[in-house]
Amino acid sequence: MPAAPTERPSSGRVAMVLAWCAAFAHPFVLLSALRAGPYRSTELRLFLSAVAVGLVLPLVRRSPLAALGLLLAGLFAASTTRPEGMLLYLPVLAADAVVGRLAALRPLRVLLPTALGTLAVQIAAATYTTSGQDVFVSTIVALALALLTAGLLGRSVRERRSHAAELRARTAAEAVTAERLRIARELHDVIAHSIGVIAIQAGVGRRVIDTQPAEARNALATIETTSRETLAGLRRTLGALRASAKDTDGQGPGATPAPRDPAPGLADLDRLVASTADAGVRVEVRQLGDPGRSLPPEVDLAAYRIVQESLTNVVRHASTPACRVTVDRSEDTLLVEITDDGPARPSGPPAGAGYGIVGMRERAALLGGRFSAGPRPGGGFHVTAALPLPTDAGLPTDAARRLPTDAARRLPTGRPEGTPTP
């Protein structure tokens with residue numbers, strides 16, 4: 001395994017040296033090919049000319065300008081032997097094809113002088129293979145038209161590639177913006193839910209502050225906990241969402257209305273696993289660290305969405321009956337890993353996966369986390385997201401243990417202190 005990285009550069013250098021050696025041999029092989037065999041053995045000379053042109057092809061991908069120069073050198077050298085005109089058709093067409101490749105790869109400031117130089121060499125070669133002014137003029141016109149056609153085809157390919165790249169960039173930007181808007185709508189729901197809890201507990205405290213001071217203190221503690229969690233989420237998320245788009249409410253034309261239900265989280269993994277099993281994929285869930293540790297709402301939501309999208313990709317693209325989900329809660333990081341053992345796949349997103357991986361990466365980036373997704377060496381796909389857990393989000397996990405005994409009493413709502421009310 002350690003030798004693989006050193007073998008690839010050396011093999012690439014060997015291939016480059018061989019390509020240059022073969023291309024340098026082209027003019028001599030072409031000149032010899034036109035002189036080979038009996039005088040009327042046209043078929044043999046055509047075959048050897050094709051072999052000579054083939055020697056330049058490996059260099060065309062690496063250095064098309066050098067390959068074109070060697071083709072033109074061989075063409076002019078071969079024309080000085082005054083062969084039959086048909087024997088030079090293949091070298092001329094090969095030179096035109098290289099000019100077309102240059103038109104697809106290089107700007108006009110490189111293409112125009114190259115094309116003019118190529119036409120000049122071809123015209124010079126034609127002076128040795130044509131006789132009569134009419135034939136010479138028609139040959140020049142044919143050479144110019146062929147070269148112009150190759151150049152126009154190359155420019156057309158270049159423009160299509162440029163347009164396709166612009167479309168991909170624009171589509172990716174729109175996907176990122178749409179994902180940020182969806183995150184903003186979901187965050188809106190979380191905030192609205194938290195504000196509802198605060199309003200209810202504030203009303204409870206106002207009604208019982210004179211008759212039941214202990215219950216009023218419990219309501220105030222719930223308000224404090226909920227407001228701390230909400231403010232911590234706002235500090236981490238709104239700064240990134242503010243720059244994503246102006247319409248953060250999602251109320252523009254054609255916008256999807258925000259859902260009214262509370263946002264899902266890792267507590268809903270069992271339901272997600274059951275739905276995935278119904279689709280034919282068995283999911284093994286491993287909980288590491290402290291499974292009972294509370295998470296900030298936006299982190300819990302992002303982790304759930306990453307698992308959800310990953311399982312969706314497994315069902316659609318992995319062609320495997322099982323996968324594994326690992327959730328590791330450490331002191332400062334929530335680590336989520338999704339792994340399947342499907343067949344080997346190329347690098348990048350699965351074919352037809354849409355922009356799911358773009359959305360997962362965006363969710364992790366908005367929270368200041370890390371995200372990676374790619375094929376495994378032995379086959380299958382692996383998704384990893386590490387989301388930071390801020391220490392200022394809500395009360396510490398052991399705060400409930402230090403509450404006074406009267407904090408365990410139930411509120412008039414019928415729920416223990418600190419439990420959000422739907």
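Is Arg-324 buried or exposed, or does Arg-324 fall in between? Arg-324 is partly exposed, with a relative accessible area of 28%. On this scale, buried means under 20% relative accessible area, exposed means over 50%, and partly exposed is in between, using a 1.4 Å probe and protein chains only. The areas themselves come from the Shrake-Rupley method with a 1.4 Å probe, and for residues only the protein chains shown count as cover.

A quick word on what we're looking at. This is a predicted model, where local features need pLDDT of at least 70, side-chain atom pairs count only at pLDDT 80 or more, and totals for chains, interfaces and linings use all residues. Residues are numbered from 1 along each chain as its sequence is written, and side-chain values use heavy atoms, with hydrogens and water left out.

**Salt bridges**

Back to Arg-324, then. Side chains of opposite charge can pair when their charged atoms come close. Here a salt bridge is a side-chain nitrogen of Lys or Arg within 4 Å of a carboxyl oxygen of Asp or Glu, and the count by this rule comes to two. In one of them, Asp-341 pairs with Arg-324, with the closest N and O atoms 3.0 Å apart. That pair ties together distant parts of the chain, 17 residues apart: Asp-341 sits in the loop between β3 (333-340) and α11 (356-366), and Arg-324 in strand β2 (residues 322-329). Helices (H or I, at least four residues) and strands (E, at least two) are DSSP runs, numbered from the N terminus.

Asp-341 also meets Arg-376 in a salt bridge, at 2.6 Å from N to O. This pair, too, links distant parts of the chain, with Arg-376 in the loop between β4 (370-375) and β5 (381-388), 35 residues from Asp-341. Through shared partners, the salt bridges join Arg-324, Asp-341 and Arg-376 into one network. Asp-341 is partly exposed at 46%, and Arg-376 is partly exposed at 31%.

**Surface patches**

Patches are built from residues with over 30% relative accessible area and no salt bridge, joining like charges within 9 Å and nonpolar side chains (Val, Leu, Ile, Met, Phe, Trp, Tyr) within 5 Å. For charges, Lys and Arg count as positive and Asp and Glu as negative, while His and the chain ends are not counted. Each charge is placed at NZ of Lys, CZ of Arg, CG of Asp or CD of Glu.

The positive patch is made of Arg-61, Arg-62, Arg-101, Arg-160 and Arg-161. Both α3 (57-62) and α7 (133-208) supply at least two of its residues each. Arg-161 belongs to helix α7 and is partly exposed at 49%.

There's a nonpolar patch as well, formed by Val-137, Val-141, Leu-145, Leu-148 and Leu-152, with about 450 Å² of accessible area together. Leu-152 lies in helix α7 and counts as exposed at 54%.

**Helices and what they hide**

The expected span of a helix is 1.5 Å times one less than its number of residues. Here's how two helices do on that score:

| Helix | Residues | Expected span | C-alpha span, end to end |
|---|---|---|---|
| α4 (64-79) | 16 residues | 22 Å | 22 Å |

Helix α10 is largely enclosed by the rest of the structure, because 16 of its 22 residues are buried. Just after α10, Ser-319 takes a positive phi of about 55°. The buried residues of α4 include Pro-64, Ala-67, Leu-68, Gly-74 and Ser-79.

From Thr-226 to Ile-191, the C-alpha distance is 9.8 Å, and the two are 35 residues apart in sequence.
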